[in-house]
Amino acid sequence: MPSGPLLTAPALLAARPTVCRQCLKAKLAATYSQRRGISRKVEKKRQIQQVAWDRKAERIQNGEEYNPWDFLKERGYVKDTAGTDKQIRELMRRKRIGAYVGVDPTAQSLHVGHLLPFMALFWLYLHGYGCNTLIGGGTAKIGDPTDRLQARDKIPRSDLTTNITKCHYQLKRIWGNVETLGARYGFQKEYMWSRALVNNSTWLNSTPFMEVVGRLFKGMRMGPLLSRDTVKRRLEENGSGMPLDEFIYPLVQAWDWWHMYSSPKDVMMQIGGSDQYGNIVSGIEAIKYLRDTEPQEELRRPDDLLNTPVGFTVPLLTDSSGAKFGKSAGNAVWLDPFLTSSFDLYGYFMRRPDADVGNLLRLLTFMPSDAIAKIMEEHSQDPSQRVAQHALAHDVVCLAHSTQMAKNAREQHQAIYAKKAGTTVSTGSTRTVELDTYPSAEPATAALATGFNPDIELPESLVLGKSMGRILYAAGLAASITDGLRLTKQQGAYVAGSPGQASATNKGMTYGDLTFTPIKNWFPADTKNFLLDGHLLILRRGKHFFRIVKMVSDEEYKASGKTYPGMPGSGKFREIKKTLDEMREEGVDLTQSEWRRMKQDLSHDMAREEAHAKGQLYMPGGSPPWPHEKP
């Protein structure tokens, strides 16, 4: 037993050095990483999947199955490789690696040219690898200088946030379509299939600058950076030189890869466009340096095949005339249905020449090679029927938009062709269904959200002067004001902002992020805290439906002639009264009972039109018989 007086609890507290709450929280956060427990059931499933993967690797080695790397090369996805062919082939055989494709949101939509690197990634997903799509919310602030003689224009905050939001939900919808198309062609989803959609702004905004300088910049040499073709051209041909942020862009992109490489995602492969080879090589050099100089020994990974980063680029797609693929009359062919409609996207691929369509079927669809061979054989028998072009266009629209939109576009094109040929075709409904409001009569699926235009304008008096329930109703995310208030009470809708902060003091989203916080029934004056650049409000309901609300002045909104649900003076009964008043002014002479009957008829007509617009069945209220209602 130690000698001497024992210290009581108060004495121990008094002897302890004083630590403020903020310092204590920071110390605890640095010491203890947040962890999620894994159940035995999950661990058992992973073990079973690993055994299955090892058996598959053995079958590939014995020649009983094809290697996914050989498959990618056969389909035409591989142009330049960072790493030897033998090395990549063996790595993909032995390990379920992670791979990623990144895109900077410099526009409101992806275009057809983006599909090729994504298709290579989608094929890896269908073969069981972990796949990640990265939106460069952080790197878009800089801009990739590759093959550019002039610096990119800086994107305003509200524009960048709009681009990030639209690209995020576009990729989310496309990933769902990948699984649908994969199932159609025999790829059944397995437990270990994994995919993620990430924004590099989430870690670039929170990583201390000195950590990047101390860990990464210290090991990079100026020589390789200065020897890049883009840098040399900018320094030699451009009198203004090159800004430092664009000069170090490859290192920022390399840090993205390192973040995912050192995480549980284990991303060891980067797939890029034909102009990204230099950035991929720089990333591999950076990862090897960071891996070998990891300060924490328990996190250091060995320098062997199973921990070697690799990458490859896809070829630049051109048509038989040499023109860059994905352009129509000099303009990009967008994947957003509100920028390039399903009909126009279908038509773009219908116009592909016979010499190109076979290669495009291999690159832009999930059709098996034998199915493509059969389609091309059928096409060669009567090229005028354009069988191959129809197959190509249908599958691309299925991937980019939805199966229903592809079906509608095909029927519409067939109807036009049949009309020109002097025959008739029953097309049914060929118009793309556009939703103005959140669906209440059917599940709010990603396919339905494809027809929900996210852009809307609302007046300042509404956005800053009314409750969030009214704003949700006006934006088409609630069926009524009551429904909007119910959503705010139950926190069933969301607004882009800083999570966990009160509405009165919310600082809004961090520049480049896309984060949401539940909408509550706060004071109307608090809504201004969620505006981006003072005029943009992003709302969401469910997983797929969102609105990008642009706030305009009341004068500008009135001059546009637009109306919104719940707008004062635009109610149903006001419109009925206006119609009846106009009839009276025109001298229509009816009895009092006939006027009441006329009012009732107009009320039913308006309610019926409103129900039909929402895709609902109109059931009139009151006592039968109902006027002019047929079963």
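The model is predicted, so local features need pLDDT of at least 70 and side-chain atom pairs count only at pLDDT 80 or more, while totals for chains, interfaces and linings use all residues. Residues are numbered from 1 along each chain as its sequence is written, and side-chain values use heavy atoms, leaving out hydrogens and water. Helices (H or I, at least four residues) and strands (E, at least two) are DSSP runs numbered from the N terminus.

- Five strands make an open sheet with mixed pairing, in the order 9-13-12-10-11; two strands pair if DSSP finds at least two bridges between them.
- Strand 9 (455–459) and strand 11 (516–518) stand at the edges with a single partner strand each, so one side of each has no neighbour in the sheet.
- From one strand to the next, the twist averages 35 degrees.
- Helix 7 (residues 157–184) packs on this sheet and touches strand 9, strand 11, strand 12 and strand 13 (545–552); contact means heavy atoms within 4.5 Å.
- Strand 10 (residues 493–496) and strand 12 (residues 536–541) run antiparallel and are joined by three bridges.
- Tyr494 has Arg540 as its bridge partner in strand 12.

**A helix pair**
- Helix 4 (residues 68–75) packs with helix 5 (residues 85–94) at an angle of about 125 degrees, and their axes are 8 Å apart; axes are lines fitted to C-alpha atoms, for helices over the stretch in contact, and angles run from 0 to 180 degrees between N-to-C directions.
- That angle makes helix 4 oblique to helix 5; under 35 degrees counts as roughly parallel, over 145 as roughly antiparallel, 65 to 115 as roughly perpendicular and the rest as oblique.
- Helix 4 brings Pro68, Trp69, Asp70 and Lys73 to the contact, and helix 5 brings Asp85, Ile88, Arg89 and Met92.

**Cavities**
- Two cavities of 30 Å³ or more turn up in a search of the whole structure; on a 1 Å grid over the protein atoms alone, a cavity is a set of points where a 1.4 Å probe fits but cannot get out, and lining residues have an atom within 4 Å of a point.
- The largest cavity holds about 220 Å³ of space; grid points are joined across faces, edges and corners, and a volume is the space filled by probe spheres set on the points.
- Of its 16 lining residues, Tyr169, Gln170, Arg173, Ala449 and Phe546 are the closest to its centre.
- Helix 7 gives the most to the lining of the largest cavity, with five residues.
- The second largest cavity has a volume of about 50 Å³.

How values were computed. On a 1 Å grid over the protein atoms alone, a cavity is a set of points where a 1.4 Å probe fits but cannot get out, and a pocket is an open set with protein on both sides within 12 Å along at least five of seven lines; lining residues have an atom within 4 Å of a point.
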